[in-house]
Amino acid sequence: SYGYFYQIPQNILKPTKLKKVEKIIDVFQDENLKYTETFMGSPQKPISFIIVSKNDEDFKNLFKKAGWHLADKIGFKSLLKGAKTALFKEPYPNGPITPEFWNKKVNDFAFEKETKPDNFRTRHHCRFWKTNYITQNGNHIYIGTASFDMGMKWGITHKIDPNIDKEREFLFSDLKSRNLIKHYQKEQFVGPRLGENFTGDLFFTDGMIYELIE
């Protein structure tokens with residue numbers, strides 16, 4: 001509900017000048033930007049992906065080529081359809097995804113991939129934010145996280161697999177196996193971490209991150 005009705009403060013709506021960085025990891029000079037956050041500002045999951053892409057359309061097409069679906073925006077119709085498909089264990093490949101926050105922003109993009117059996121109760125999914133940083137050649141930098149929905153709870157939301165590193169590796173392998181990545185590297189980003197998301201699901205991670213250039 002908060003994610004749906006959240007209004008970006010007016011000072012954030014002002015056009016932001018794009019900043020060039022020498023290294024894409026320089027996006028995280030502020031330690032707080034290494035984590036997603038609750039709407040109260042408490043840190044949650046560490047960022048696990050940095051993806052460099054020419055623009056938003058190329059970025060979305062990257063996932064489309066790998067068989068991932070852009071999630072529907074949260075609204076009355078999508079939530080109603082999600083509840084119905086979860087109840088009857090039906091597919092909903094573009095089902096809405098609970099929003100998360102980074103740098104006081106709701107995620108710009110959410111992607112998902114169905115599992116077998118194909119129903120809305122379980123799915124691979126990830127969230128990404130477009131930063132105001134660009135590389136020296138003008139490509140945009142996107143950052144994100146990935147996790148696996150292994151079932152439903154409370155009848156209204158999903159429960160994630162606590163092993164979020166497993167889903168990080170799944171997404172990376174999915175993109176790499178289709179030759180969609182020109183260059184990549186994996187490095188230590190934060191220390192190993194135990195935590196929980198804002199709905200109380202536990203997670204653990206080794207704190208590694210992938211830097212991918214499309």
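Tutor: Let's start with a term: a residue is buried when its relative accessible area is under 20%. The model we are looking at is predicted.

Student: Happy to start there. Which residues are buried in helix H3?

Tutor: In H3, which covers residues 56-65, they are Phe-59, Leu-62 and Phe-63.

Student: How do you know that the buried residues line one face of the helix?

Tutor: Look down the axis of H3: the buried residues fall within an arc of 90 degrees, so one face holds them. Lys-64 and Lys-65, on the other side of H3, are exposed.

Student: What makes Trp-68 count as buried?

Tutor: Its relative accessibility is 4%, and the cut-off is under 20%, so Trp-68 counts as buried.

Student: And why is Phe-170 called partly exposed?

Tutor: Phe-170 has 29% relative accessibility.

Student: Why is the aromatic pair of Trp-68 and Phe-170 called tilted?

Tutor: The centres are 6.2 Å apart, and pairing needs them within 6.5 Å. The planes make 55 degrees; stacked needs under 30 and edge-to-face over 60, so the pair is tilted.

Student: What does this pair tie together?

Tutor: Trp-68 sits in the loop between H3 and strand S5, and Phe-170 in helix H5, so the pair ties together parts 102 residues apart in sequence.

Student: What makes Lys-34 lie over the face of Phe-189?

Tutor: Lys-34 is at 5.3 Å from the ring centre, where the distance cut-off is within 6 Å.

Note on methods:
Residues numbered from 1 in each chain as written. Predicted model: local features only at pLDDT ≥ 70, side-chain atom pairs only at ≥ 80, totals over all residues. Heavy atoms only, no water. Buried < 20%, exposed > 50% of the residue type's maximum accessible area, 1.4 Å probe, protein only. Helix = DSSP H or I, 4+ residues; strand = E, 2+ residues; numbered from the N terminus. Arc of directions from axis to C-beta. Phe/Tyr/Trp six-rings, centres within 6.5 Å; stacked < 30°, edge-to-face > 60°. Lys NZ or Arg CZ within 6 Å of the ring centre and 35° of its normal.
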